[in-house]
Amino acid sequence: MQDTESPDWRDDVIQDFARSELFERTFKEGMALVEETAAYLDGGGRQESKLLSRNAALAYAAESMRLTTRLMQVASWLLVQRAVREGDMAPAAACEDRYRLNADTVVRAEVLASRTELPTSLTRLADRAERLYERVRHLDRRMYVENPADERTNAVLGQMNRLKTAFGS
């Protein structure tokens, strides 16, 4: 577990993000995607899954579980950031490991094999959730894991990493 005593620079980074427009947009996008996914899985997705072959139905179940797990991780992380913004949680408390995104990757290999048989609505939601998760995971690492002193040590490498992030390489 990480020390709950976060350095002052980290507290500032966390609070600045929680008050930013980027957080606001990400929070709205994340919560809207959670609602949209829940509505789909409880409605149209339930109907679509009944029409699938046995193997496709198993893949559908696995993908929908992976999807909801990803979205719940993102929603929990975003709610912690909102708690920091509203003063309900200290930035140092938000640094605890239990509030970090799970480092384990959720395997998609089984689903990829039968993805063509899955409803398009489900795969689109899964793709959107995966992109959102990766963005939030990047933010989590930048805010809670990485040390700005590491970047200062090699300014060129730090700049190259920022360019890679910006241009998706």
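Visitor: What is Trp77 in contact with, leaving aside its neighbours within four places in sequence?
Guide: Trp77 touches Phe17, Tyr99, Arg100, Leu101, Val136, Leu139, Asp140, Met143 and Tyr144. These pairs are called contacts because they have heavy atoms within 4.5 Å.

Visitor: How should I read this model?
Guide: It is a predicted model, where local features need pLDDT of at least 70, side-chain atom pairs count only at pLDDT 80 or more, and totals for chains, interfaces and linings use all residues. Residues are numbered from 1 along each chain as its sequence is written, and side-chain values use heavy atoms, with hydrogens and water left out.

Visitor: How many helices and strands are in the chain?
Guide: Nine helices and zero strands. Read along the sequence, the pattern is α-α-α-α-α-α-α-α-α. Both kinds of element are DSSP runs, numbered from the N terminus: helices are H or I, at least four residues, and strands are E, at least two.

Visitor: Why is Leu125 called buried?
Guide: Its relative accessible area is 4%. Buried means under 20%, exposed means over 50%, and partly exposed is in between, with a 1.4 Å probe and protein chains only. The value of 4% is under the cut-off, so Leu125 is buried. Across the chain, buried residues make up 38% of the 169 residues.

Visitor: Where does Leu125 lie, and what is it in contact with beyond its neighbours within four places in sequence?
Guide: Leu125 lies in helix α7, residues 120–145. Its contacts are Leu33, Glu36, Thr37, Tyr40 and Leu67. Take Thr37: it is 88 residues from Leu125 along the chain, yet the two C-alpha atoms are separated by 6.8 Å.

Visitor: What share of the chain's contacts between residues at least 6 apart in sequence join residues at least 24 apart?
Guide: The share is 80%.

Visitor: Why is Glu29 called partly exposed?
Guide: Its relative accessible area is 34%. Glu29 lies in helix α2. Beyond its neighbours within four places in sequence, it is in contact with Leu132 and Arg135. Leu132 is 103 residues away along the chain, with 8.4 Å between the C-alpha atoms.

Visitor: Are Met89 and Ala90 buried or partly exposed?
Guide: One of each. Met89 has 17%, which is under the cut-off, so it is buried. Ala90 has 43%, so it is partly exposed. Not counting residues up to four places away in sequence, Met89 touches Val80, Ala83, Val84, Ala94 and Tyr99. Ala90 and Gln15 are 75 residues apart in sequence and 9.1 Å apart in space, C-alpha to C-alpha.

Visitor: What makes the reach of α4 close to the expected one?
Guide: α4 has 32 residues. The expected span is 1.5 Å times one less than the number of residues. That gives 46 Å, and α4 reaches 46 Å from its first C-alpha to its last. Gly87 follows α4, with a positive phi near 80°.

Visitor: At what angle do α4 and α7 pack?
Guide: About 35°, with the axes 9 Å apart. Axes are lines fitted to C-alpha atoms, for helices over the stretch in contact, and angles run from 0 to 180 degrees between N-to-C directions. The crossing is left-handed. That term means the near helix is turned anticlockwise from the far one by less than a right angle; clockwise would be right-handed. Among the residues in this contact are Trp77 of α4 and Leu125 of α7.

Visitor: What classes of residue make up the contact of α4 with α7?
Guide: It has 15 nonpolar, three polar and five charged residues. Ala, Val, Leu, Ile, Met, Phe, Trp, Tyr, Cys and Pro count as nonpolar, Asp, Glu, Lys and Arg as charged, and the others, Gly among them, as polar.

Visitor: How do α2 and α4 pack?
Guide: At an angle of about 145°, with their axes 10 Å apart. This crossing is left-handed. Its residues divide into 14 nonpolar, six polar and three charged.

Visitor: What makes a group of residues a nonpolar core?
Guide: They must be buried Ala, Val, Leu, Ile, Met, Phe, Trp, Tyr or Cys residues, joined through side-chain atoms within 4.5 Å. The largest such core has 37 residues, and those with the most contacts inside it are Tyr60, Trp77, Leu78, Leu122 and Tyr144. α1, α2, α4 and α7 each supply at least two residues. The largest share, twelve residues, comes from α4.
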